[in-house]
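Trainee: I have not seen this structure before, and I would like to go through it with you step by step.

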Amino acid sequence: MARIVRHNDESVREGYIRNGGKEVKLFTSALKAFQCNNRIVMAQRKHLDDFLRGRIIGRLECGRTQLEVSEELGIAQNVISRLWQRFQDDGNVSRCYSTGRPRLTTPNEDRYLAVTAKRNRRSTASDLSRQLSSATGTTVSRQTVYRRLGHIGLYARRPVRCVPLTATHCCLRLAWSREHALWTPQQWSCVMFSDESRFSLQSDSRRTFI
């Protein structure tokens, strides 16, 4: 059986196709389908509006064939076939609009992630994902955990190894040191030091403080 192919060879007579260098005559039904497919210019894909969908269904209900409607309106026959099948299944031909990918976690699961992250600040996104899976059975990725925590203002932060001193800080501390340089032990005995912090001007011992 000859394979029907599209070509731009005008030397081939109407009703024939070229097969291996020879002209082969087409049967009437095959010729009609071949001519119809050649006449339909498939433009860039676009959605059919509701009015055009109604025109298609109306013509099919009047007894027109899908091939005739396809040839008349310039729409691929497989599109008309799917539209007609959908109309027979549920009686609706309007386009269904999707709201995107469904949300994996519920509001309660989002609150669980937030509470767990606040209780243990050192938990990673992978740890939180595993805890959520063991507690609720819902499996989410690390990126999903990042997004859920980001919605409530929780972000990952790298701890600072030391408190950075600016030029203003250095001037204030130098002035304070000069002011208290001549204090006696009795005066210092009245001072209580608490919440001491480590400061570094140059070198860093690479110790981590939170």
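**Contacts, helices and salt bridges**

Mentor: In this predicted model, residues 24 or more positions apart account for 45% of the contacts in the chain with a separation of 6 or more.

Trainee: In what order do the elements of the chain run from the N terminus on?

Mentor: The chain holds two strands and nine helices. Read from the N terminus, the order of these elements is β-β-α-α-α-α-α-α-α-α-α.

Trainee: Which helices do the buried residues of helix 3 pack against?

Mentor: Helix 3 spans residues 66-73, and its buried residues are Val-69, Ser-70 and Leu-73. They lie on the same side of helix 3, because the arc they cover around the axis is only 100°. In general, an α-helix has 3.6 residues a turn, so residues three or four places apart point the same way. The partners against which the buried residues of helix 3 pack are helix 2 (50-61) and helix 4 (77-90).

Trainee: Which residue follows helix 3, with a positive phi?

Mentor: The phi of this residue is near 70°, and the residue that follows helix 3 is Gly-74.

Trainee: How many residues apart in sequence are the parts tied together by Asp-110 and Arg-148?

Mentor: The side chains of Asp-110 and Arg-148 form a salt bridge, with 3.4 Å from N to O. Asp-110 lies in helix 5 (residues 107-119) and Arg-148 in helix 7 (residues 142-151), so the parts that this pair ties together are separated in sequence by 38 residues.

Trainee: Is Arg-148 buried or exposed?

Mentor: The relative accessible area of Arg-148 is 11%. Since buried means under 20%, Arg-148 counts as buried.

Trainee: How many disulfides does the structure hold?

Mentor: A disulfide is a covalent bond between the sulfur atoms of two cysteines. Cys-62 counts as exposed at 69% relative accessibility, and Cys-190 counts as exposed at 68%. The number of disulfides in the structure is zero.

Definitions and conventions:
Residues numbered from 1 in each chain as written. Predicted model: local features only at pLDDT ≥ 70, side-chain atom pairs only at ≥ 80, totals over all residues. Heavy atoms only, no water. Disulfide = S-S within 2.5 Å. Buried < 20%, exposed > 50% of the residue type's maximum accessible area, 1.4 Å probe, protein only. Helix = DSSP H or I, 4+ residues; strand = E, 2+ residues; numbered from the N terminus. Arc of directions from axis to C-beta. Contact = heavy atoms within 4.5 Å. Salt bridge = Lys/Arg side-chain N within 4 Å of Asp/Glu carboxyl O.
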